[in-house]
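Grab a pencil and work through the exercises below, one at a time. Try each task yourself before you read the solution.

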Amino acid sequence: MTATPDYHPLADRMRPQRLEDFVGQEHILGPDKPLRQAIEHGRLHSMVYWGPPGTGKTTLARIIAHSCDAQFLAISAVLSGVKDIRQAIDRARQYREVYSKDTVLFVDEAHRFNKSQQDAFLPFVEDGTVTFIGATTENPSFELNNALLSRVRVYVLKSLQADDIKRILSQALHDQERGLARRGIVLEETQLQQLAEVADGDARRALNLLEIAADLAEDNKITDELLHQVLSGGMLRRFDKGGEAFYDQISALHKSVRGSAPDAALYWFVRMLDGGCDPLYIARRVVRMASEDIGNADPRGLRLALDAWETQERLGSPEGELTIAQAIG
């Protein structure tokens, strides 16, 4: 296997090449799961991966193309249009004519394509010119049109567990060709755990933070102080304003308040603030909770929520956030 050039980011260099090296997503890649069996037997089908960043969507698409001896073409819905789609289709046709092999067309951020752009894929997915693999961080049921959804299978990728992240980091530390082993970078178990937790289920983020720490280390020694400085700049938790994670966390906050679970409610409140949510937005939602979820069971709740909202408007942070926390708790 040819090593990926050192000038590539560590996260790119450590991208798994084989299914055996892929970490996580056992719920869809376990030994008896349909997707794993399809990959191992070279049976291509069009699909969409739905999951948060850094969970392996692009990597898995590459592995599938390689395992099935297919050409891999990638376009980004952020940067591409119908012209780029047509060019990819032409390349797929030529590849089949010359080599009699399939093409995997990977579309990153597939939800960014509008309806007409999505429709442009349909005839070629239908006739097998390309095997379509889309990646999205948004719910495909809302963002992809029904005609396209009817022709693909949706697989949900989950945030990686801390133990998964630690395995990936350990691979990077011990890999002589693509990783950091030649530099003699060593991390203590407690440091690995810190990195894994701060990564918030995102392998790419974990590897990027490790690479930053390694580049800043003196004599290739990552001290606790250096790691703290690196991680303090990367502590923002996953929070996509207006996206799926946004509504998941708002829902979790509502359910925690409704279920009289103050510790959980405060956790989701702080998690949202940590991710950049506007405290005034949360204050408005707390007023709604006080009215809809609590109501006459405790009429004082509405007054408390309104006072917290007013305090946030008048004083800002951190005093306003403390009063919102008081209302939530």
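This is a predicted model: local features need pLDDT of at least 70, side-chain atom pairs count only at pLDDT 80 or more; totals for chains, interfaces and linings use all residues.

**Exercise 1. Describe the protein as a whole: its secondary structure, its span and its buried share.**

Step 1: Count the elements. The protein has 18 helices and five strands.

Step 2: Look at the span. Along its principal axes, the C-alpha trace covers about 75 × 55 × 40 Å.

Step 3: Turn to cover. Of the 329 residues, 48% count as buried.

Step 4: See how the chain meets itself. Take the contacts between residues at least 6 apart in sequence: 72% of them join residues at least 24 apart.

**Exercise 2. Work out where threonine 136 is and what it is in contact with.**

Step 1: Threonine 136 belongs to strand β4 (residues 131-136).

Step 2: With a relative accessibility of 2%, threonine 136 counts as buried.

Step 3: Neighbours within four places in sequence aside, threonine 136 is in contact with Val48, Tyr49, Trp50, Gly51, Lys57 and His111.

Step 4: Pick out histidine 111. Its side chain and that of threonine 136 are joined by a polar contact of 2.8 Å. A polar contact is a pair of N or O atoms within 3.5 Å; within protein, one must be able to donate a hydrogen and the other to accept it, and residues adjacent in sequence count only if both atoms are side-chain atoms.

**Exercise 3. Which residues of helix α4 are buried, and what covers them?**

Step 1: Helix α4 takes in residues 57-67 and is mostly covered, with eight of its 11 residues buried.

Step 2: Those buried residues are Lys57, Thr58, Thr59, Leu60, Ala61, Ile63, Ile64 and Ala65.

Step 3: Their cover includes α2 (26-29), α3 (34-40), β1 (47-50), β2 (71-76), β3 (103-108) and β4.

**Exercise 4. Look at the positive phi values of aspartate 69, glutamine 25 and glutamate 109.**

Step 1: Most residues other than glycine have a negative phi.

Step 2: Just after α4, aspartate 69 takes a positive phi of about 55°.

Step 3: Glutamine 25 is not a glycine, yet its phi is positive, at about 60°. You'll find glutamine 25 in the loop between α1 (10-13) and α2, and it is buried, with a relative accessible area of 5%.

Step 4: Glutamate 109 also has a positive phi, near 55°. Glutamate 109 lies in the loop between β3 and α6 (115-119) and is partly exposed, with a relative accessible area of 23%.

**Exercise 5. How do helices α16 and α17 pack?**

Step 1: Two packed helices are described by the angle between their axes and the distance between the axes. Axes are lines fitted to C-alpha atoms, for helices over the stretch in contact, and angles run from 0 to 180 degrees between N-to-C directions.

Step 2: Helix α16 (residues 279-294) and helix α17 (residues 300-315) pack at about 170°, with their axes 8 Å apart.

Step 3: α16 and α17 are therefore roughly antiparallel to each other (under 35 degrees is roughly parallel, over 145 roughly antiparallel, 65 to 115 roughly perpendicular, and the rest oblique).

Step 4: Among the residues making the contact are Pro279 and Ala290 of α16, and Gly301 and Trp309 of α17.

Terms used
Residues are numbered from 1 along each chain as its sequence is written. Side-chain values use heavy atoms; hydrogens and water are left out. Helices (H or I, at least four residues) and strands (E, at least two) are DSSP runs, numbered from the N terminus. Contact means heavy atoms within 4.5 Å. Buried means under 20% relative accessible area, exposed over 50%, partly exposed in between (1.4 Å probe, protein chains only).
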